[in-house]
Amino acid sequence: SDRSGKITLMEDGVLIAPAPYAAPSAYYFPAVGRMEAIEVRKGSSQIKYGPRTIGGAVNLISSPIPESFSWNADLEGGSDETGKARVRIGDSYDNFGWLAETYQARTGGFKRLDGGGDTGFEIQDYLVKGRIRTAPDAELYQELELKLHHYDEISHETYLGLTAADFEIDPFRRYAASQRDLMDAEQNQVQLRHFLRPTEALDLTTVAYRNEFQRSWYKLDAVLGEGIADVLDDPAAFPAAMAILEGGDSPADALNVADGNRSYYGKGIQSILGVRFDAAVRHETEIGVRYHEDEEDRFQHADAYRMSSGTMELTDAGAPGSQSNRVSDARAWSLFVQDEIGLGRWTVSPGVRYETIEFTRTDYAGDDPERSAPTSVRENDVSAWIPGIGVTWAWREDVRLFGGVHRGFGPPGPGADQDTEAEQSVNWELGAKLDMDALSAELVGFFSDYENILGRATLSSGDPLGEGDIFNGGVVEVAGLEASADLDAGRLAGLGVGVPIQIAWTLTHAEFRTGFESEFEPWGTVEPGDELPYLPDHQLSASVGLERGAWDGRLVLQASSAMRTVAGQGPIADGEGTDAFGVWNAQLGYAVSPWAKIQVGVENLTDEAYVVARRPAGARPGLPRTLMAGIRFER
């Protein structure tokens, strides 16, 4: 429910969140539809990345420049006026290569707005890469690659959900008071990468980067002075406000619509030196250093509306910057050293990371749009050593046992008061992996012992102001299991057809070990033993497919147990949890030629309606039954 605030998010190995140090919980995630692969780092391997080393690292890998001329196009259309297109073309010569790609997506939306209107989105995404290089067999091989990326989004999205009673009647309804809600976002990315390989045992990769992100989310946040979350949680206590949300006439200034106008940038330079050598043992060592700066600039105001015959009419325009007028920035140095040591059947991977960060938050008066003088300047800094070690033992050629332990770290961010501590934990893992010809499987146990967990009061977490205040949560223990298997039953049984089967299951139990009172709404009054909100006990993904000749098909199950939306124990109280769900998806493909393939898919085959969240205001549904069909060309 709080987006990517707890993970390290990267694209092509570079931090990609709008302001990953100063404001990690931000409204941008790269379009997965244009990605070539997704790399997930968990356990001790994530200390190579940062600044956060608790929740894992996700590296999205964009399309590479092809080694020879190629092009492909994916075109899809389906339910709710949905359309997608991905087209890319590229080529390489002896010393030069290039790639051009676009990803386009739009939909009318699956929700139905009272009185009519769009509830969907439109995304336009463009990527260009150019590369010059020496001859591959050059004594001193080098590459220089420039990457330019532009992303534009218009999204008719809202924080306004539904009351429990209205969700039961029509989970895909949207109240009339959300008719003005609109996200307008733009992102620009520049990366310049240099690769140097003096010898087969030595290489150096350096990347200079800058990301810029601007967004204005114009959305309802209050009615008759009451926060929309309070109204939807207890509509009987606010009958007048509820009537206005549904389109009933109102006095002037009854509806408060905030313009979350913010701009961000992140920039830096990083280098990673790779060294491989054999002494008495094999070593593969990486040494990395990064300097990074980022900033969040809030310049927000709110407008007031009346509701008249189901239509919102502006009654008072707020002055720019009058609601929030501040700048938060961060400057950080980081260093890591990691070595993979081969000792026969053993592989030992020790490493350490160092982060030192300076935060500044500068506030200005709401009636000072020129920012002539700050009302307050708050500075804080934090440094941390983050060690870790992983060990793998090849018991047999097809069976490996592994384990690891590392320090988890999460910086508090700008504006933290003197009592706010960094997020810290000790994380353990122990597992086994089987890798046979037609079967691979993995079982991992994990345990995270938090010395202090942090909560950040954003609008998406239910905080009515969304000022980003940070709260200590004290000691938390998280324990669980991850199990996965991937096999081709047809190949294993010698059937002459492919029958791929995949399954992944995660069991997680997380609870507070100390009691406290918190102004962070998802925690509230916490007793020892209370379970964390928004963390399901069980998550399951399973699929079975059939592949024969030009045909392939797959049936997929995505399932989750219910989640608490407020910390607590015992059975989840009504209105304080999401729904357990099991959603079936189906896909069918036919290769009409070696370079063209037709695909049809249905998500949520049984059209199950279920609550996926009660943040930031009211119940929110998952995707209903959705049909998509398309064709893929590749040459």
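**View 1. Tyr159 and Trp217 are both buried (under 20% relative accessible area, 1.4 Å probe, protein chains only; exposed is over 50%, partly exposed in between).** This is a predicted model, where local features need pLDDT of at least 70, side-chain atom pairs count only at pLDDT 80 or more, and totals for chains, interfaces and linings use all residues. Residues are numbered from 1 along each chain as its sequence is written, and side-chain values use heavy atoms, without hydrogens and water. Rings of Phe, Tyr and Trp (its six-membered ring) pair if their centres lie within 6.5 Å; planes under 30 degrees apart are stacked, over 60 edge-to-face, the rest tilted. The count comes to 17 aromatic pairs. Tyr159 and Trp217 make an edge-to-face pair, 4.8 Å centre to centre with 65° between the planes.

**View 2. Phe581 and Tyr610 form a stacked pair.** Their ring centres are 4.5 Å apart and their planes lie at 20°, so the pair counts as stacked. Phe581 is partly exposed, with a relative accessible area of 23%. Tyr610 is buried, at 8%.

**View 3. A charged end sits over the ring of Tyr159.** That end belongs to Lys219, 5.0 Å from the ring centre. The rule asks for NZ of Lys or CZ of Arg within 6 Å of the ring centre and within 35 degrees of the ring normal. Arg396 likewise sits over the ring of Trp395, with its charged end 5.7 Å from the centre.

**View 4. Four residues form one aromatic cluster.** They are Tyr28, Tyr151, Phe213 and Tyr264.
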